[in-house]
Amino acid sequence: MATAPATARAVASFDISDVTLYIDGTWRAPFARLRADMPVSWCAQSAYGGYWSVVTHELISQVELDPATYSSSWANGNIVIADPKPELNLQNFIAADPPIHTEQRKVIAPAFAPSQMTTREAQVRELCRDILDALPLGETIDWVDQVSVPLTIGMLCILFDMPLDEWKDLKRWSDYASSVNPDNDNDAYRAESMGQLMQMLARFDRLLDQRKGEPPADDLISRMIHSAAMGNLSPLERLSNIALLIVGGNDTTRHSMGGLVEVLDRWPGELDRLHADPSLVANAAQELVRWQSPVTHMRRTATRDATLGGQRIAKGEKVIMWYLSANRDEAVFADAERFDVARTNARRHLGFGHGIHRCVGARLAEIQLATLIGEIVTRNWKIVPQGAPTRLASPFLNGFTAMPVRVELRG
Ligand code: HEM
């Protein structure tokens, strides 16, 4: 691989992929320094090797809109900062370039079309009400365990048309499939992870066989098995695409729901504004994805030498688009750290990405978040943290593994 001379590079003096920044929630200041001093910077040494960081809204959009130069394909690398595990190189459509990406995305996208969303919205509301109705007011509960996880996994069971009681399996498989943690880079974890994913493959193969024998339906499994582009995938590609839908549809929205507790605690006046004007709820859901940025980054790999923000990127190098930083970019979002339910340009966030890979499930995620926010308002609830949350050890997903809270009526 040809590399530009080191002297020509803007070299960061710290490693922004360091997992401790995400465990401690201390990523804000280093990202602000990078945005101010070097919007495109090189880090030569990290747990994942050398990589470029792109940290502004404008430059990330530029990378997203040039998939020919900045590839998503597993054949060139990976879509997260970590390199693919040799024994488990997930080959799905988020990790593909056109034409494979275009053909396979077309199979899945209709499941999220506006015509489908009316039914899904009613299902989300029913699920959300059932989960919230069961919460004991005034007692300490774990918000992640009792709200975020069942709500998002419940939705996934609906999308796959699977029995709701399988949600614990889905959660476990999702956690293994999305893990980007240097501590897990060992043989024991890899073997454990592989075993779990094989269990998942076996379960979904049974489901695919069952749906193959049935008339085409609206669920994701049926759409896959009855399509020309995805009906005959190899077992690895099948597993990978199912893992994509499970992780995509689950951890991301889950961590936004944790973020909701943090923002309403830090800015309680925003709940008052939602009470005064409930039409702000939909915008609040967008603002929440901006503020939380549950997917911190996506990676591209340069297919040729290129220049970005004045820096020379060499063919084969990793280019990390830090959405977490773009969504705090003051050039686009005034007072960016603040959670503002009436922010007029909240929709410009890059939390769902941009360009040809922009999140296919974005509308469904917004519906889930708006439904949860709306229910909290209607019930006149406040969510009161009972101690610090436990943050996920990952430079890829910005989220929580536990969050003790008490649900109380507002005074
Ligand atoms: C892609 C974020 C919810 C399924 C993506 C990407 C991001 C993202 C950043 C990559 C965009 C890019 O590379 O430009 C999120 C966030 C969510 C969310 C923050 C919730 C708040 C969902 C849901 C589903 C889903 C609910 C499905 C049930 C997918 C799929 C892709 C994707 C299948 C691949 C799209 C492609 O490559 O064409 N998402 N997502 N996501 N997401 Fe989401």
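A: The answer begins with the ligand and then turns to individual residues elsewhere in the chain.

This is a predicted model, in which local features need pLDDT of at least 70 and side-chain atom pairs count only at pLDDT 80 or more, while totals for chains, interfaces and linings use all residues. Residues are numbered from 1 along each chain as its sequence is written, and side-chain values use heavy atoms, with hydrogens and water left out.

The ligand is surrounded by 29 residues, of which Glu64, His101, Arg105, His357 and Cys359 are the closest; a residue is near the ligand if one of its heavy atoms lies within 4 Å of it. Sorted by class, this shell holds 15 nonpolar, 11 polar and three charged residues. Here Ala, Val, Leu, Ile, Met, Phe, Trp, Tyr, Cys and Pro count as nonpolar, Asp, Glu, Lys and Arg as charged, and the others, Gly among them, as polar.

The iron atom of the ligand has a single donor from the protein: the SG atom of Cys359, at 2.3 Å. Donors are N, O and S atoms within 2.8 Å of the metal (3.2 Å for Na, K and Ca), and water is not among the atoms, so sites may look incomplete. Cys359 belongs to the loop between helix H14 (323-326) and helix H15 (362-378). Helices (H or I, at least four residues) and strands (E, at least two) are DSSP runs, numbered from the N terminus.

A nitrogen atom of the ligand lies 3.0 Å from a backbone N or O atom of Gly248. An oxygen atom of the ligand is 3.3 Å from a polar backbone atom of His354, and an oxygen atom of the ligand is 3.5 Å from an N or O atom in the side chain of Tyr323. Helix H4 (100-108), helix H10 (235-248), helix H11 (251-266) and strand E5 (297-302) are the elements that give two or more residues to the shell.

Most residues other than glycine have a negative phi, and most peptide bonds are trans. Pro98 and Pro99, however, are joined by a cis peptide bond with omega of about 5°. Pro99 is in the loop between strand E3 (70-71) and H4.

Two residues other than glycine have a positive phi: about 55° for Asp161 and near 40° for Ser293. Asp161 is placed in the loop between helix H6 (143-160) and helix H7 (167-178), and Ser293 in the loop between helix H13 (281-292) and E5. Their accessibility may be set side by side. Asp161 counts as partly exposed because its relative accessible area is 46%, whereas Ser293, at 0%, is buried. Buried means under 20% relative accessible area, exposed over 50%, and partly exposed in between (1.4 Å probe, protein chains only).

Two loop residues are exposed. Asp183, in the loop between H7 and helix H8 (187-212), has 60% relative accessibility and therefore counts as exposed. Ala134 lies in the loop between H5 and strand E4 (140-142) and is exposed, with a relative accessible area of 60%. Ala134 and Pro99 are 35 residues apart in sequence, and their C-alpha atoms are 47 Å apart.

Helix H5 (residues 114-133) contains Gln123, which counts as partly exposed because its relative accessibility is 24%. The side chain of Gln123 makes a polar contact of 3.0 Å with the side chain of Arg120. A polar contact is a pair of N or O atoms within 3.5 Å; within protein, one must be able to donate a hydrogen and the other to accept it, and residues adjacent in sequence count only if both atoms are side-chain atoms.

Arg223, in helix H9 (residues 220-225), is buried because its relative accessible area is 15%. Leaving aside residues up to four places away in sequence, Arg223 touches Val107, Pro110, Ala111, Gln116, Ala217 and Asp218; contact means heavy atoms within 4.5 Å.

Finally, the count of disulfides, pairs of cysteine sulfur atoms within 2.5 Å, comes to zero. Cys128 is in no disulfide, and the nearest cysteine sulfur, that of Cys157, is 16 Å away. Cys128 counts as buried because its relative accessibility is 1%, and Cys43, at 6%, also counts as buried.
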